[in-house]
Amino acid sequence: MISAVCWVPKGASKPVPEEVDPPSKEEIEEMVKSGEFPSREEIEEMMKSGEFEARGDSASEDDDGNMDLDGVAQALAAADAVGRTPGTKFDDIADGLRELDMDNYDEEDDGIELFSSGLGNTYYPSNELDPHLKDDDDDDSEELEDKTIKPTDAVIVCARNDDDFCHLEVYVFEELEDGDSNLYVHNDIVLPSFPLCTAWLDCPIKGGEKGNFIAVGSMEPSIEVFNLDVLGEVKPCAVLGGIAENLVAEDGTTEEKEKKKKKKKNKKGKKTSIEYKEGSHTDSVLGLAWNKEYRNILASASADKQVKIWDVSVGRCDITMEHHTDKVQAVAWNHHSPQVLLSGSFDHSIVMKDGRVPTHSGFRWSVTADVESLVWDPHTEHSFVVSLEDGTVRGFDIRTATSSPSSESKPSFTLHAHDQAVCTVSYNPLAPNLLATGSTDKMVKLWDLSNNQPSCIASTNPKAGGVFTIAFSENSSFLLAIGGSKGKLQVWDTLSDAAVSRRFGKYSQGKRVHVP
């Protein structure tokens, strides 16, 4: 499944991302010693005890009865194999290679002529003169071209969950001169846990004026920030919150243990209390919002009922808010007043807080079901929409808000948009009143919200399964990225629909992109 999609602004990515070398055997051994990764003995013990299956990982046997380790376990097993002692299957393979005598493979036996004389014996004094041999420089140039991200290319980051592992897929969407397009995976980043939300940000985390980063919220209580301009990086460049390394037992003693070892100890019956880093969430991170005006600020929503404000540049939580009584699903900064933050919760409420008045309790709106997503209207500072688990979308005008608990602000409109939960909404950044909605009923719909009288102008089944996430592009504003339960990224050129083109075509830049 694809749980979140995020467009990277054109020109924000480095044309050729940096590459890091994979860790050496010595570095892997050091990580094992430090407890960052389990040793092979610990992996085998976990497999015997069934802990991999308990965690949702898989360990299966092949035809020879050998264990097939997934993910990190497989990588560690391969690394450990380099130092195996004689008598293992790797020695059998080495014996077989020696018997084949591959070093002398090209040498022909005397008196044996495999091919007839004539053109078959033609040769060139050097490889440079042989037209049939490809220059290595050509391979290098092609490889470089594949890795290059042009300023005109759009980049889409998908948070993707497969059966065996979780990762970020970085797609390049290339608009060709003939009006056609090309969408392909440029690289990916393996994640340690199930991703739930993402937010792109350009805050310079480690010096410089700007960066190209993606923040990821997951089933863990931490927020991981990855540098999209680095290929092959296995660790985030910053981690906000999370579980502390210390494990505190009932007797008050402290043990330095890695998180997976904590689970193992717990399984054996040793009672422990989990310690979190200062300011951390204590449950899954469900929503993220980057502040484009105050670029070092990131807001997060969590299942621990809290909303937090982070200073990403120093990795610190500055503000914790506890104005909800159930899981907080979504947060959003106002485009025109960047100190104003919305949050939506499973407690059937939306709360607006103004950072300029920190002592104010905020404004609250009640809704009829769990909040799935919310978004500010980018064309006015007064309006926002919220989508709900019951299939409805509601619009609100903050000018009618009241802080009195006894007086309830009514919505500007209530739209019965889908037959099932409306998981995601996205405003078109260029065309006023154009809103997209996506639902677990597998449909994506486009709405004209003019005069607070919504009308559906287009709908499609993108064959993405249940739709969990959609997002309009900031640069090519009528391109809509779609992700869902089938795990395949879709891009819909909404201007290809006649009704959309007729109503909102005047806002386009006169360029249509064909999406196959």
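Does Ser345 count as buried or exposed, and why?

Analyst: This is a predicted model, in which local features need pLDDT of at least 70 and side-chain atom pairs count only at pLDDT 80 or more, while totals for chains, interfaces and linings use all residues. Residues are numbered from 1 along each chain as its sequence is written, and side-chain values use heavy atoms, leaving out hydrogens and water.

Ser345 counts as buried because its relative accessibility is 0%. Buried means under 20% relative accessible area, exposed over 50%, and partly exposed in between, with a 1.4 Å probe and protein chains only. Ser345 belongs to strand β21, residues 340-345. Strands (E, at least two residues) and helices (H or I, at least four) are DSSP runs, numbered from the N terminus.

Leaving aside residues up to four places away in sequence, Ser345 touches His324, Asp326, Lys327, Val328, Gln329, Asp370 and Val371; contact means heavy atoms within 4.5 Å. With Asp326 there is also a polar contact: the Ser345 side chain reaches the backbone oxygen of Asp326 at 3.3 Å. A polar contact is a pair of N or O atoms within 3.5 Å; within protein, one must be able to donate a hydrogen and the other to accept it, and residues adjacent in sequence count only if both atoms are side-chain atoms.

Another part of the chain holds aromatic rings. Rings of Phe, Tyr and Trp (its six-membered ring) pair if their centres lie within 6.5 Å; planes under 30 degrees apart are stacked, over 60 edge-to-face, and the rest tilted. By this rule there are five aromatic pairs. In one of them, Trp376 and Phe384 have ring centres 5.6 Å apart and planes at 65°, so this pair is edge-to-face. Phe384 also pairs with Phe396: the centres are 5.4 Å apart and the planes at 20°, so this pair is stacked. That pair links distant parts of the chain, twelve residues apart, with Phe384 in strand β25 (residues 383-388) and Phe396 in strand β26 (residues 392-397). Trp376 is buried, with a relative accessible area of 1%; Phe384 is buried with 1%, and Phe396 is buried with 2%. Ring pairs link Trp365, Trp376, Phe384 and Phe396 into a cluster.
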